[in-house]
Amino acid sequence: MTLQPTDIKREIQHLEQVTGGDAEKNFEVAAHQFDAKAEKKLLYKTDLHVVPVLFVLFILAFLDRINIGNARIQGMEEELNMSGNDYNVVLFIFFIPYILFEVPSNIVIKRVAPSTWLALIMTLWGIVTIGEGLVNTVGGLIAMRFLLGLFEAGLFPGCIYLISMYYKRYELQWRLTLFFSASILAGAFGGLLAYALAKMEGIQGYRGWRWIFIIEGVATAVIGIVSKFFIPDWPHTAKFLSDDERTLLLARLASDQGDSAMDRLDKGAQRRIIRDWKIYAGMFAYFGVVNTGYASSFFIPTIVKELGYTSEAAQVRSIPIFIVATVCALTTAVLTDRLRHRYAFTIAGVLVATVGYVVLLCQAYVSAGVKYFAVFLITSGGYITQPVTLAWMANCVSGHYKRAVATAFQIGLGNSGGIVASNVFLDSEAPRYPTGYGVSLGMMWICAVACTVLFFGVRRENKKRDRGERDYRLEYEDVDNLGDDHPSYRFAT
């Protein structure tokens with residue numbers, strides 16, 4: 001942003017009145033203060049235009065993904081004659097295209113305007129959600145869930161990638177968690193919305209569970225079309241920024257990135273991406289914790305109902321679980337950015353969730369109230385850890401292409417944890433679900449191990465760079481395209 005002489009002069013006059021002293025020194029102080037004010041104003045403007053619209057998209061995406069859990073206890077299984085593991089298959093099929101198409105989608109969004117791509121896929125999955133409410137067979141529902149996974153695949157990694165391109169490393173966690181909290185609140189809002197929509201039972205001859213899909217699908221499709229005009233594009237083309245603001249934004253991002261650019265996807269860049277152990281550690285961390293995120297969203301309405309409540313009461317009693325989890329996640333985001341540390345918070349979430357899982361594995365010896373409290377612990381613990389793993393991964397890779405691939409890889413393959421969640425809560429084991437809770441507990445500790453490997457690995461690498469042991473890379477021909485392999489880059493711990 002261009003410094004205006006009149007503004008600086010006004011700042012100098014103020015400083016002279018307050019402190020007197022050297023004019024040149026006061027000029028430097030005034031210029032610094034002006035830049036700080038300009039940055040603060042820019043950051044505020046970016047926050048208003050980037051995170052809120054993506055928050056809305058993601059809350060609708062997650063509603064359309066998890067509303068099947070609410071529809072289940074409103075009569076879906078009975079009307080579609082579902083039996084055995086049919087429900088698990090319906091959940092499972094979503095993740096096949098969802099996992100396979102996340103990396104390709106992030107390659108596409110790098111080449112296509114994010115506003116066009118995200119609006120398009122959102123409109124398409126909204127139409128598919130409507131279709132879920134109109135099917136008459138299990139096969140039809142499975143087909144709709146497959147298409148839902150296909151069209152939703154690009155949203156989450158695309159949004160994470162887009163947000164990460166607007167903020168410095170230690171500004172990122174708070175914004176990512178604000179965005180990610182849409183998925184947590186969707187669990188609460190989904191229960192409330194399902195409770196209301198279930199009252200439409202019999203309208204136009206449709207059962208209440210069908211209206212859950214139809215109304216939410218129509219809302220998604222309409223907002224998808226309109227969102228084209230509100231979704232931000234990349235910083236260098238964003239229409240909400242003036243030329244001066246864009247210059248300042250790109251300059252502050254460049255100062256945070258240093259020389260660690262990766263703007264060409266040549267063979268050298270491809271090798272660095274494929275061989276980067278950090279990406280695999282981040283993937284296993286997300287794989288372990290995402291199981292809890294999906295399990296809580298898919299099965300909490302059923303679990304609460306099996307504590308002795310009616311379907312409507314179970315929907316309502318699901319709400320405070322997710323509200324508490326949201327508060328925990330946002331509090332963690334503030335602390336982890338302020339302290340510039342990630343690892344301890346991931347382990348804290350694992351420990352909280354572990355207590356909840358142990359209680360439910362021993363549920364034969366505890367009351368319904370204690371079991372209900374355990375669900376709070378599991379959900380809050382999972383959502384303390386999950387968004388931190390996403391920001392941490394983004395903090396450990398640098399360069400446009402590497403961040404695009406790393407983010408999609410972490411989320412895409414990591415989401416196979418959702419496949420696990422879809423298949424370990426067996427109807428034959430209700431209401432104690434020993435397999436579901438036992439496997440989910442083990443998955444949380446897979447996350448803990450992966451986070452531990454990432455922490456000690458990047459700390460060791462930072463020390464090597466401090467000692468100059470990676471300076472030989474400055475002699476490489478493609479030194480301008482090393483990404484986070486550049487000796488000047490330091491990883492978040």
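The legends below describe close-up views of a predicted model.

View 1. Domain 1 brings 53 residues to the contact, while domain 2 brings 55 residues. About 5,000 Å² is buried between domain 1 and domain 2, and carbon and sulfur atoms give 69% of that area. Within the area that domain 1 buries against domain 2, Ile-73, Tyr-170 and Gln-173 supply 15%, which is more than any other three residues. Between the two domains the count is 0 salt bridges, although 7 residue pairs are found in polar contact across the interface. On the side of domain 1 that touches domain 2, the elements giving two or more residues are α2, α3 (86-100), α4 (102-111), α7 (155-164) and α8 (169-197), and the largest share, 20 residues, comes from α8.

**View 2. The largest nonpolar core and the surroundings of Phe-156.** The largest nonpolar core has 134 residues, and those with the most contacts inside this core are Leu-54, Phe-58, Met-76, Leu-118, Leu-155 and Phe-156. Helix α2, which spans residues 23-79, gives the most to the core, with 19 residues, and at least three residues are drawn from each of domain 1 and domain 2. Leaving aside neighbours within four places in sequence, Phe-156 is in contact with Phe-58, Tyr-98, Phe-179, Phe-180, Tyr-286, Leu-390 and Ile-411.

**View 3. The salt bridge of Asp-47 and Arg-175.** The side chains of Asp-47 and Arg-175 meet in a salt bridge, with 3.0 Å from N to O. Because Asp-47 lies in helix α2 and Arg-175 in helix α8, the pair ties together parts that are 128 residues apart in sequence. Asp-47 is partly exposed, with a relative accessible area of 23%, whereas Arg-175 is buried, with a relative accessible area of 11%.

**View 4. The salt bridge of Asp-276 and Lys-402.** The side chains of Asp-276 and Lys-402 also meet in a salt bridge, here with 2.6 Å from N to O. Asp-276 lies in the loop between α11 (267-274) and α12 (277-305), and Lys-402 lies in helix α16 (residues 400-414), so this pair ties together parts that are 126 residues apart in sequence. Asp-276 counts as buried at 5% relative accessibility, and Lys-402 counts as buried at 0%. Salt bridges that share partners join Asp-276, Lys-278, Lys-402 and Asp-484 into one network.

**View 5. Arg-465 and its contacts.** Arg-465 has its place in helix α18, residues 434-466, and is buried, with a relative accessible area of 4%. A polar atom of the Arg-465 side chain lies 2.9 Å from the backbone oxygen of His-486. Not counting residues up to four places away in sequence, Arg-465 touches several residues, including Arg-470, Arg-473, Asp-484, Asp-485 and His-486. Arg-470, one of these contacts, meets Glu-461 through a side-chain salt bridge of 2.8 Å, N to O, and both Arg-470 and Glu-461 are buried.

**View 6. Val-350 in helix α14.** Val-350 has its place in helix α14, residues 343-361, and is buried, with a relative accessible area of 1%. Not counting residues up to four places away in sequence, Val-350 touches Gly-381, Thr-385, Met-444, Trp-445 and Ala-448.

Conventions. Residues are numbered from 1 along each chain as its sequence is written. This is a predicted model: local features need pLDDT of at least 70, side-chain atom pairs count only at pLDDT 80 or more; totals for chains, interfaces and linings use all residues. Side-chain values use heavy atoms; hydrogens and water are left out. A nonpolar core is a set of buried Ala, Val, Leu, Ile, Met, Phe, Trp, Tyr and Cys residues joined through side-chain atoms within 4.5 Å. Buried means under 20% relative accessible area, exposed over 50%, partly exposed in between (1.4 Å probe, protein chains only). Helices (H or I, at least four residues) and strands (E, at least two) are DSSP runs, numbered from the N terminus. Domain bounds come from an automatic or database domain assignment. Contact means heavy atoms within 4.5 Å. Buried area is the accessible area (1.4 Å probe) that two parts lose on being put together, summed over both. A salt bridge is a side-chain nitrogen of Lys or Arg within 4 Å of a carboxyl oxygen of Asp or Glu. A polar contact is a pair of N or O atoms within 3.5 Å; within protein, one must be able to donate a hydrogen and the other to accept it, and residues adjacent in sequence count only if both atoms are side-chain atoms.
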